[in-house]
Amino acid sequence: MTTNQGELDSNESLDSPPATTPPVPQRSLPLNYQILDKIGQGTYGTVYRARDKTDQGIVAIKKILLDDRDEGIPVTTLREVALLRNLKHTNIVRMKDFQPWKDKMCLVFEYLDQDLKVCLDKSFRNGMPRELIKSCAMQ
């Protein structure tokens, strides 16, 4: 069930709209994903771990709540989508899909079990080697 903040409970599927809203055409819903759990929250959205029903793979879904006062999708979201659709690199998370859904925009990414901060904290407590810093800066 949807909470007051627009978050999904872990048992709620993105393909089932809340009963209090009129039905939305199926093609406009982020079909084929089942929310497993919430893995993070930031300024612009909430990230969930989900299962792709088509191939049973695990994905990360970033749900961005669209403000009713704004006109359309925020420019920051459009920039993120435009960049990630075109980036293909082993060191950049791959965006698999994006779909508007009612008052939200859902971005579907490959799932990674840790983020850059966790990796840096684990592997480079005493700093990174100069050549690695150079390589990261170039990317």
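Modeller: Let's start in helix α2 (residues 116-123), where K117 and D121 are four residues apart and so separated by about one helical turn. Before going on: this is a predicted model, in which local features need pLDDT of at least 70 and side-chain atom pairs count only at pLDDT 80 or more, while totals for chains, interfaces and linings use all residues. Numbering runs from 1 along each chain as its sequence is written, and side-chain values use heavy atoms, leaving out hydrogens and water.

By salt bridge I mean a side-chain nitrogen of Lys or Arg within 4 Å of a carboxyl oxygen of Asp or Glu. Helices (H or I, at least four residues) and strands (E, at least two) are DSSP runs, numbered from the N terminus. K117 is exposed at 54% relative accessibility, whereas D121 comes out partly exposed at 41%. Those labels mean buried under 20% relative accessible area, exposed over 50%, and partly exposed in between, with a 1.4 Å probe and protein chains only.

To answer your count, the search of the whole structure turns up three salt bridges. Take D37 and R49 next: their closest N and O atoms lie 3.0 Å apart. This pair ties together distant parts of the chain, with D37 in strand β1 (residues 33-41) and R49 in strand β2 (residues 46-52), twelve residues apart. D37 is partly exposed at 27%, and R49 is partly exposed too, at 24%.

Then there's E80 with K62, where the closest N and O atoms are 3.2 Å apart. Here again distant parts of the chain are linked: E80 sits in helix α1 (residues 75-86) and K62 in strand β3 (residues 58-65), 18 residues apart. K62 is buried at 18%, while E80 is partly exposed at 22%.

β3 and β5 run antiparallel and are joined by seven bridges; strands count as paired if DSSP finds at least two bridges between them. I64 is opposite M105 of β5, and M105 is also the bridge partner of P100. Strand β4 (residues 95-101) pairs with β5 in the antiparallel sense over six bridges. Why is β5 (residues 104-110) largely enclosed by the rest of the structure? Because six of its seven residues are buried.
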